[in-house]
Amino acid sequence: MSRVEAETPKVRLSDYAPPDFLVDRVALRFRLDPGATRVTARIAFRPNPDRREAPAPRDLRLDGRNLVLHAARIDGAALPPEALRQGPEGLTVAAAWLPEGGFVWEAETEIAPEANSALEGLYISRGMYCTQCEAQGFRKITFYPDRPDVMAPFRVRIEGDAPVLLSNGNLLGQGPGWAEWEDPFPKPSYLFALVAGDLRAVEDRFTTRSGRDVLLQIWVRPGDEPRCGYAMDALKRAMAWDETEYGREYDLDRFMIVVVDDFNAGAMENKGLNVFNSRYVLASPDTATDSDYKSIEAIVAHEYFHNWTGNRITCRDWFQLCLKEGLTVFRDQQFSSDQRGAGVKRIEDVIRLRATQFREDASPLAHPVRPEEYIEINNFYTATVYEKGAEVIGMLRRIVGPETYARALDLYFDRHDGQACTIEDWLRVFEDASGRDLTQFARWYSQAGTPHVTARETWEGGRFTLALAQSTPPTAGQPRKAPLLIPVACALLDPETGAPLAEAVLELARGRQDFTWDLPARPVVSLLRGFSAPVILTGPTGGNGGAFLLAHETDPFSKWQAGRSLALGILAATSADPRLAPDPDYLAALARVAEDPALAPDYRALLLDLPSLEEAIAHLAESGRLPDPLALHHARRRLEAAIADALGPRLRRLYDAHGLDGPYSPDAAAAGHRALRGRALALITARDPEAALAAAHFAGADNMTERMAALSLLVGRNRAEVALAEFRAAWRDDRLVLDKWFAVQAAHSPPETAVATVEALTRDPDFDWRNPNRFRALIGTFANANLAAFHAAGGAGYRLLADWLIRLDPINPQTTARLTSAFATWRSFDAGRQALIRGELQRLGARPALSRDTGEMVERLLREADG
């Protein structure tokens with residue numbers, strides 16, 4: 001047994017048991033003080049009738065961590081010391097001191113928010129009180145059954161000298177130094193929120209379809225009010241969309257967002273009082289890029305959509321986390337597709353999935369969408385739960401059809417409102433709505449790893465046969481995989497015109513299946529259209545089929561994927577032999593699409609972009625070859641230059657044609673023009689060692705999107721000294737923009753100098769490493785975005801990351817644990833790099849006071865490395 005397992009035994013799905021006691025109501029009183037906040041809790045308990053089989057009488061077990069207990073009572077009577085057993089993880093009240101029926105537990109605890117650097121529970125962010133209770137932060141506030149299947153309405157009184165005192169639900173009353181709130185909807189403790197500080201509200205209103213008038217408030221620090229407009233607009237659009245598309249109406253009198261600077265995640269969906277990382281709310285043309293605006297839109301929508309898929313219906317236990325997160329990610333993807341264009345959005349989602357979740361599946365950190373065990377639940381807020389969880393929802397919708405999907409969701413909301421549910425509850429509504437047996441489909445939730453689908457084709461006497469086979473590589477604890485139900489969207493295209501001869505969604509349910517068509521000509525096959533399943537596809541197109549699809553395919557994803565596959569093949573070949581020239585058919589196809597007026601500008605920008613270094617590394621690893629990150633980096637540079645040569649004068653025409661007059665707008669159309677102009681600029685710069693146009697572009701930019709596009713190119717070509725100085729002088733007092741200044745150097749500094757650059761930046765007086773945003777901007781960006789430097793021979797990049805993780809872990813275990821995943825792809829590399837990574841992991845794991853968050857991650861990585 002490992003040290004971490006010995007200190008904290010594993011929690012297993014198979015051991016789930018209903019709680020011994022349920023909660024009817026919760027009343028909390030907070031007397032705020034930075035060093036000694038007092039929390040008085042009055043909680044009405046009753047025995048759980050679903051635990052009749054449990055031996056009676058039953059102890060009352062309450063979770064609690066880092067709490068000082070000042071008083072404990074049952075029905076008003078003080079409990080003697082012998083009635084209580086307190087340990088580091090909670091408190092037990094002996095059954096002998098409990099009434100037979102319902103009772104009221106009252107406790108007064110003391111906590112120290114200003115000392116809470118882990119940013120979990122109640123903490124202080126730059127003078128503002130704030131909570132983060134998901135997944136297990138409420139136990140750092142008071143003693144409570146801190147599990148999602150214990151739900152109750154909350155009433156909260158806050159006393160303190162902060163001008164603004166906020167909690168969940170509806171405001172009952174307020175006065176100087178106090179406020180009372182009530183949330184009438186039963187909720188688990190992880191959705192509790194409290195915020196107190198010197199804040200200002202940006203307000204608007206929304207009228208629901210039933211006529212409810214809802215007050216919308218975004219609470220920010222003084223001076224940040226002008227940068228909330230886009231987030232408020234996104235919120236109103238999300239509320240209207242959820243009514244139209246899912247029939248879901250908001251249910252409280254107000255909806256509040258609070259913006260904080262110190263936050264471990266992007267945002268949190270606390271009922272009626274969402275807490276947001278400032279980078280996902282605050283935006284203006286001068287400070288935010290098009291990418292920032294898209295993120296704000298998506299994350300505001302995501303957290304709002306949680307009101308029904310996460311709050312009104314929550315998960316029974318943390319193993320069901322994908323029930324709320326996968327579904328809500330899918331919903332926010334649908335929303336963004338409707339707002340910004342489905343084709344481009346789908347490609348962006350696939351890029352993200354492959355960069356995060358496929359990488360996770362190919363590493364020692366692979367786990368099912370519904371994990372079966374954990375030590376620290378915070379380590380399972382992963383791309384598998386979120387992104388792959390959303391892909392599973394998308395497959396389910398494709399299999400049953402959009403109309404049946406809508407009926408199933410209506411049934412889900414009607415049947416389970418106010419409940420804590422499981423994946424089995426979710427799938428059952430689809431079986432009831434569709435009449436289909438989804439037993440095989442359910443394996444997507446329990447089986448880890450990315451499936452591989454191989455396609456082979458034959459053509460005989462006018463009959464075309466497509467043979468599909470599936471396999472999933474072994475992962476930890478799952479050496480053998482059963483066949484999955486995989487929807488493969490397919491089109492057979494005329495080899496002359498590209499017109500579809502046949503289209504279908506093939507359901508691959510066995511290890512191998514043959515599908516046949518009688519056709520007038522041998523077709524060009526387009527498989528996995530729309531990325532219909534999260535799989536790795538091999539074949540079937542040979543010869544110039546990829547270039548044909550790039551030129552003629554009408555499905556946006558498949559057209560893009562054809563070009564991506566060709567580019568990956570070129571990078572793999574030319575990284576091994578720099579003398580090889582790129583495929584001329586690929587270059588010719590890019591030249592045709594570059595100025596195709598039928599293609600939207602943002603889509604053309606994606607078609608002209610190249611795979612990331614991480615994607616190229618994964619491509620080589622999947623084919624059993626050892627990637628050399630530096631060689632791939634140089635191959636990518638050469639391919640960019642070759643594309644620039646092939647496009648020639650078209651690039652300058654694209655650059656000039658897509659410059660916009662007038663004020664900046666974050667809308668999708670304007671952002672698309674800037675994306676294509678930025679891509680043309682990057683290709684022009686690939687043939688310009690002095691980066692003259694990039695420098696002029698930076699100097700003339702009137703918005704952050706244009707400014708950052710040029711600055712990244714200048715940094716990558718060692719021509720950014722003046723621009724970086726100007727940028728910093730202009731934005732030194734803006735915390736979010738300064739994050740960009742750190743991040744652009746971490747991501748784009750040339751591999752030969754990047755480690756030294758990052759080390760120098762860690763000594764910069766503005767590098768506040770205790771702030772998660774700033775730490776991720778520099779250290780996280782370097783490790784995850786500058787892979788040629790991070791994986792440089794000699795291991796300097798590995799040492800830099802490990803040094804900073806060792807320093808951060810005692811302060812913020814969650815951020816530390818998540819960044820250890822930068823080491824996850826160790827087995828993709830040569831023996832020398834594997835040994836260097838293993839050495840850094842062993843050094844990190846040997847720390848005597850290592851947190852259990854980081855300890856679990858390191859042990860999972862080392863167990864695979866050593867085994």
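The following conversation concerns a predicted model of a protein.

Visitor: How many helices and strands does the protein have?
Guide: There are 28 helices and 31 strands. Both are DSSP runs numbered from the N terminus, with helices (H or I) of at least four residues and strands (E) of at least two.

Visitor: And why is the protein said to be as compact as a globular protein of that length?
Guide: The radius of gyration is 28 Å, close to the 29 Å that the globule rule gives for 867 residues, so the protein is as compact as a globular protein of that length. The radius is taken over C-alpha atoms, and the rule is 2.2 Å times the number of residues to the power 0.38.

Visitor: What percentage of the residues count as buried?
Guide: Of the 867 residues, 62% are buried, meaning under 20% relative accessible area with a 1.4 Å probe, protein chains only.

Visitor: Let us turn to one residue. Where is Gly-102?
Guide: Gly-102 lies in the loop between β8 (90-93) and β9 (103-111). Residues are numbered from 1 along each chain as its sequence is written.

Visitor: Which residues does Gly-102 contact, leaving aside neighbours within four places in sequence?
Guide: Those residues are Phe-45, Arg-46 and Pro-47, where contact means heavy atoms within 4.5 Å.

Visitor: What separates the C-alpha atoms of Gly-102 and Arg-61?
Guide: The separation is 15 Å, and the two residues are 41 residues apart along the chain.

Visitor: What should I know about the model itself?
Guide: Because this is a predicted model, local features need pLDDT of at least 70, side-chain atom pairs count only at pLDDT 80 or more, and totals for chains, interfaces and linings use all residues, while side-chain values use heavy atoms, with hydrogens and water left out.

Note on methods: Buried means under 20% relative accessible area, exposed over 50%, partly exposed in between (1.4 Å probe, protein chains only).
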